Structure formats: structure tokens, C-alpha cells
Amino acid sequence: MRRKWFYIALSALALSALVLAQGRYQIGSPLSEQEVQEWNIRPSILANGVGLPPGQGTVDEGAKVYATHCAGCHGATGEGGAFTRLVSEPFPITKEVDSVDFAIGNYWQYATTLFDYTRRAMPFATPGILSNDEVYAVVAYILYQNGVIDESEPMNAQTLPKVQMPARALLELDPSTQKRFPWIKLP
Amino acid sequence: MNRRKLLQLLGKGVAAGAFVKLSPGLAQGKIPQGATDTMKILGPTLREYGERSEFEKDVIRYISPNLRSRHTGADFAPLEKLEGIITPSSLHFERHHGGVPNVNPADYRLVIHGMVERPLMFTLQDLKRFPSVTRTYFIECAGNGQNGYRNPPDMTLTATRSRGLVSNSSWTGVPLSILLKEAGIKEGARWLIPEGQDAAAYTRSLPLDKALDDVLVAYAQNGEAIRPEQGYPVRLVVPGWEGSIQVKWLRRIQVADTPVMSKDETSEYTDVMADGKIWAFTWVMDPESIITYPSGLQQIQRGFHEIRGLAWSGHGRIRRVEISLDGGKTWKRANLEPAPDALSVVRFKYNWVWDGKETVIMSRAWDEKGNTQPTQEEFFAKWARNNRYHYNAIQAWRIGADGKVVNGDKTLAGAPAQLGVVGRGGCGGES
């Protein structure tokens with residue numbers, strides 16, 4: 001009896017060894033790059049600009065987009081309303097600034113984050129309705145309101161990753177994280 | 001008295017007679033009117049899905065009246081009304097960034113792509129076919145304890161509002177390492193960018209090393225499907241790390257060589273330090289503990305009490321929990337029951353007879369790496385007063401001579417104006 005179970009176990013082992021010959025279970029459907037793109041409806045924008053789409057927007061155009069889609073929650077010029085303020089001083093924050101006054105110009109460390117988040121999750125109740133041009137434009141407007149870029153500077157895949165945010169100078173990696181993952185470098 | 005003598009006494013009717021004699025007034029008032037009613041009529045029938053007693057309906061999550069939206073923000077698990085170590089799924093704290101999506105499992109897919117040999121798509125059934133693991137892990141919002149940043153302290157604080165953004169569940173799922181091996185990681189890949197299927201399309205960056213270590217792609221919570229507000233049908237469980245990286249409604253994992261620096265790892269979930277710097281990727285949750293009984297806004301009487309509370313650490317197993325009954329002057333070791341699991345909430349207990357004198361009680365946890373909780377002063381020597389996350393200083397409860405329990409934290413000198421009244425941003429759960 002014991003011997004019988006031994007052989008059953010042995011053959012089960014042999015079978016799973018066969019299935020796992022490549023260290024894989026062969027579960028899941030392979031996707032083509034085309035299919036991946038169809039699934040990836042909100043592509044991530046990396047800090048180096050990888051993932052930014054074609055298109056462009058100016059501060060003037062952005063003012064109109066902002067008034068239509070953003071001002072209701074964030075105030076007429078980004079000063080905050082029912083929801084988070086987008087513009088606040090000083091640039092960057094100090095440890096005396098109350099966290100209600102953390103905003104894009106004084107706390108956000110990467111300009112690419114603004115494009116990624118706006119296209120990903122805004123407007124709050126109807127995310128995804130803005131075109132890429134509209135997102136570039138409203139990003140330009142918000143950066144201008146925060147004193148980060150000039151009025152004449154359009155935002156696109158080339159210009160946006162080059163924008164320096166004041167709070168980036170304050171950003172450091174948590175030292176205990178650095179110790180555990182020595183290879184991490186903040187962009 | 002041995003068993004034989006006891007039986008003899010019982011046989012003579014001594015014990016029974018004494019009991020009756022000692023309870024002359026029982027029929028007149030000590031027996032509640034309704035106590036035997038249920039024995040006279042048939043009770044309700046079998047039912048397909050159980051509900052708790054109608055008399056337990058006040059055990060609910062705390063939702064702050066100051067929230068600007070219930071689509072984003074957080075609510076608290078009612079810690080002082082719970083026992084044991086598992087948080088009932090219905091009472092697990094919530095934190096959302098764009099409401100709770102209603103995901104149909106028939107339409108659910110998880111895609112792994114980017115720096116992989118084979119981009120793969122999994123159905124829910126696919127995920128359930130893989131070898132599974134079940135582990136008990138806590139999940140804690142990085143903003144848990146945010147009320148500790150208030151100065152002067154909030155005298156209406158309860159254990160729930162002090163530390164209720166932590167919950168503990170049994171999670172079942174497939175190790176993410178298995179799925180990554182299935183897709184084949186390419187040379188040079190270092191990061192994963194998981195994305196949620198909510199209206200915020202929530203994303204974060206997770207180091208590949210951690211994913212290969214112990215991260216779960218979970219589809220069950222406490223034995224049944226994950227609750228919608230906890231990520232139905234599939235979420236990441238990242239043991240010991242802040243809740244915000246444990247992406248819910250998981251639909252996509254991009255394998256990359258850099259982090260994404262998404263909004264929720266830059267403008268939120270970064271920490272302002274006492275030197276004015278901002279720290280990124282403060283992932284691991286430091287040790288914490290909270291006495292849930294007696295705790296804020298409760299009332300106790302003289303006599304025996306089992307002090308009860310919860311402790312946990314993202315660094316590993318809780319090694320011991322200490323109780324102070326004299327405002328932190330001396331510390332005694334509490335009992336841990338049941339035996340602690342690593343990266344799970346543990347329950348601590350301490351037998352105490354209260355003499356009716358005003359006192360301040362505290363707890364502090366120690367984990368297996370030797371980490372413990374700071375005092376308020378020690379905490380603010382490292383973290384800025386205007387920071388929002390990772391508050392883990394020792395919580396004190398003051399018990400008055402009248403038995404009323406209130407927040408026993410100190411008002412600290414040199415602090416800025418009262419923080420936390422309006423507009424803190426969703427993570428702390430209060431506004």
C-alpha cells in the first residue's frame with residue numbers, strides 16, 4: 001500500500017516536472033504589442049518623459065481648459081476651492097508651511113507627474129475626457145500660474161521633461177530605503 | 001477542595017441550596033424581562049448569506065463629517081469595538097482615490113508588460129490556477145496616526161481615530177514572483193508600475209526585489225472574495241509596506257527600469273522631515289501599538305481590567321509589547337495572545353486592578369529587528385511638524401478619578417498653529 005502511494009507521488013512529481021520544464025506553468029495568454037497598447041489606455045509617463053504623447057498646448061489655451069474643467073473644484077486661478085489648491089507660496093515649501101498649502105509649484109517635484117496625473121485621473125468625476133493637447137495646455141497653464149514656466153513656453157513631449165520643479169531640490173531618498181536597495185536613484 | 005469532596009457536597013445539596021439562598025431577588029429584577037422570550041417562539045430560518053446581530057449595528061467604520069468627498073479620503077476601522085487580530089472584511093479601513101469601481105470578474109484581466117519576454121494577460125480563473133498561498137498581513141495607511149500631528153492634542157480622540165487606518169486580514173493569492181517568471185523579466189528591469197482599474201487609474205512604483213520577495217497578487221480576503229472596497233477582484237498585498245503601494249483593482253503591471261514618480265509617490269506619500277527635506281519612498285511601516293481598552297472616550301470602574309490592544313510592525317514580527325501604568329516612568333511586559341505572526345497585527349493583554357486614582361497608561365511595541373516606538377518629542381526630532389504620514393509615537397490615555405478616559409498626549413512647545421483642522425488631504429481620514 002505504502003509502495004503504491006510512493007509510485008503515485010513519484011509519477012505526479014514527474015508530471016509536474018514536465019510541465020515546469022521551463023520553470024513556467026504555461027498559464028495566461030500572450031499579447032502582441034498592439035494588444036498591450038489597446039489595454040494600456042492611461043500609459044504611465046516616466047520622469048524622463050518616456051510615454052509622453054505627440055501634441056502641444058500653450059498657457060493661453062490652458063487657461064480656457066482650466067476654466068471649463070478645473071476651476072469649479074480648484075478655484076478660479078488654482079488657489080483652491082472645494083478641493084486641493086494647485087498654487088501656493090513659498091517656492092519650495094519650508095517646514096513651517098501648513099500642509100494645506102502644499103501645492104504644485106511648491107511641493108511637486110516632477111513636471112511629468114502633472115501630465116501623468118491629469119490625463120490619468122482628472123477631471124475627478126469624468127477622467128479621460130481631455131485630449132492630449134488639452135492636457136499639455138492645462139499643464140502649461142498650471143505651471144505658469146505657479147511661476148515655474150514663462151507665458152510663452154508651450155508644453156510638449158520635448159519641453160515638459162526639461163521643466164525644473166523647485167521642490168525637486170528638497171527631495172531625497174529615505175536613507176533606510178537606500179540602504180536596503182542601494183541601486184535606487186531618484187530621477 | 002478536591003473533586004470528590006465537591007461531588008459529596010453537591011450530593012448533599014449544600015452548594016445548590018446556598019446558591020438559591022444567595023439570590024432571593026433574582027426573579028424580581030435581576031433577570032431581564034426578555035431573557036427567555038426566544039425560548040418560547042421559533043427563531044428565524046436558515047439563510048444563504050449571514051448577517052451580524054441587529055444589536056451590533058453600531059459597530060461601524062468612522063467616517064469623518066469633515067470629508068470633502070466620500071469618493072476620495074479614508075475611513076477608520078472601529079478598533080476599540082473589535083477583538084482578536086482579524087479585522088472583519090466589512091470593517092476593514094477604506095482609502096480610495098476615485099471611488100470604488102464595480103468590476104465584473106468576467107471582464108477582469110491582469111496584463112504584465114514592458115520589459116518582459118512575453119507580455120501576458122491573465123483572467124481571474126487563470127490567477128486562481130497558480131499555486132496559492134495564504135498569509136495574515138496587516139495593511140496600514142501611511143496616514144494612520146495623522147491626528148498625532150495636531151497640537152494641542154485632540155481631546156475627543158478615540159482609539160479608532162488615533163490608529164484605525166490599520167486592518168488585518170487573511171489574504172490568499174498567487175505570489176507575484178510566479179507571474180513575473182511566467183512573463184520572463186528582461187535584463188535591466190528594476191521596477192514594477194502597478195495600475196488600478198479605478199477612476200483614478202491609481203499607479204505606484206514598486207521595486208522588483210520586493211515583488212520577488214513576498215508580494216502577493218491576492219484574490220481572497222478572510223476566506224471569501226476580496227470586498228469591492230479592498231480591491232475586488234484582485235489587489236496587490238505588499239507585506240509590511242504602506243497601504244498606498246498595495247494597489248487595488250489591479251489591472252496592469254508595467255515592468256520598467258525607472259520608477260514612474262506618480263502623483264501618489266511625490267505630491268502625496270512623501271514625508272517632510274525636521275530638517276526641511278522631503279523623503280521619497282518611505283515604504284516600510286515602523287512599529288506601532290494602541291491600547292484599545294481602556295481608550296479614549298470610554299469609562300471604567302475600579303477593580304479588575306484586562307488592558308487590551310493591538311501592535312504591529314512592517315519590519316517583522318512583534319517581539320514584545322510593554323505597558324506603562326504611570327505615564328511612562330516604568331514599563332511592564334504584556335502578554336501576546338494569540339502567538340504573533342510576522343507582519344500581522346498582534347493582540348496584547350495585561351491584567352490590571354485599577355485603584356481609582358488618576359493615571360496615564362501607554363503601550364509601546366518592539367519588533368524582532370529591535371525597533372520600537374518613539375515618544376512624541378523623539379518623533380518630532382526626526383519628522384517635521386507639518387508632515388502628514390508615518391506618525392508612530394506612543395499614544396497615551398489619561399484615566400481620570402471619575403474613570404473617564406481621554407487622550408493623554410502632551411501639548412508640545414514651539415509647535416505651529418493647530419494643524420489638521422481643514423483640508424489635510426484624504427489620507428489621514430479627517431478632511
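User: Which residue is the bridge partner of A:Leu171 in E14(B)?

Analyst: B:Ile278. Keep in mind that this is a predicted model.

User: What sense do E4(A) and E14(B) pair in, parallel or antiparallel?

Analyst: Parallel, over three bridges.

User: Which sheet is that in, and what is the strand order?

Analyst: An open sheet of three strands, ordered E4(A)-E14(B)-E13(B). Its pairing is mixed.

User: Which strands sit at the edges?

Analyst: Strand E4 (171-173) of chain A and E13 of chain B. Each of them pairs on one side only.

User: Remind me what holds paired strands together in general?

Analyst: Backbone hydrogen bonds, in either a parallel or an antiparallel arrangement.

User: Where does strand E1 of chain A pair with chain B?

Analyst: At E4(B). Strand E1 covers residues 29-30 of chain A, and the pairing is antiparallel with two bridges. One bridge joins A:Ser29 to B:Met121.

User: Now the whole A-B contact. How many residues does each chain put in?

Analyst: Chain B gives 52 residues and chain A gives 48.

User: Which elements of chain B supply at least two residues each to that side?

Analyst: Strands E3 (110-114), E4 (120-122), E12 (250-256) and E14 (278-280), plus helices H4 (124-129) and H6 (176-183). By class, the chain B side has 25 nonpolar, 14 charged and 13 polar residues.

User: Which residues of chain B does A:Trp39 touch?

Analyst: B:Val111 and B:Arg252, leaving aside residues up to four places away in sequence. A:Trp39 belongs to helix H2 (residues 33-39) of chain A.

User: What happens just after H6(B)?

Analyst: B:Gly184 takes a positive phi of about 80° there.

User: Domains next. How is chain B divided?

Analyst: Into domain 1 (73-279) and domain 2 (288-412). Their C-alpha centres are 27 Å apart. The contact between them takes 34 residues from domain 1 and 39 residues from domain 2.

User: What makes up the domain 1 side?

Analyst: Strand E5 (133-140), helix H5 (159-163), strand E6 (166-175) and strand E13 (271-272) of chain B each supply at least two residues. That side has 18 nonpolar, 12 polar and four charged residues.

User: What scores does the model get?

Analyst: ipTM is 0.90 and pTM is 0.91. Chain B averages a pLDDT of 92, with 91% of the residues scoring at least 70.

User: Where in chain B is the pLDDT below 50?

Analyst: Over residues 9-25. Beyond near neighbours in sequence, that stretch has five contacts in the model.

User: How should I treat low-pLDDT coordinates?

Analyst: Where pLDDT is low, predicted coordinates should not be read in detail.

Definitions and conventions:
Residues numbered from 1 in each chain as written. Chains lettered and ligands numbered in written order. Predicted model: local features only at pLDDT ≥ 70, side-chain atom pairs only at ≥ 80, totals over all residues. Contact = placed C-beta atoms within 7 Å. Helix = DSSP H or I, 4+ residues; strand = E, 2+ residues; numbered from the N terminus. Nonpolar A, V, L, I, M, F, W, Y, C, P; charged D, E, K, R; others polar. Pairing = 2+ DSSP bridges. Domains from an automatic or database assignment. pLDDT = per-residue confidence, 0-100.
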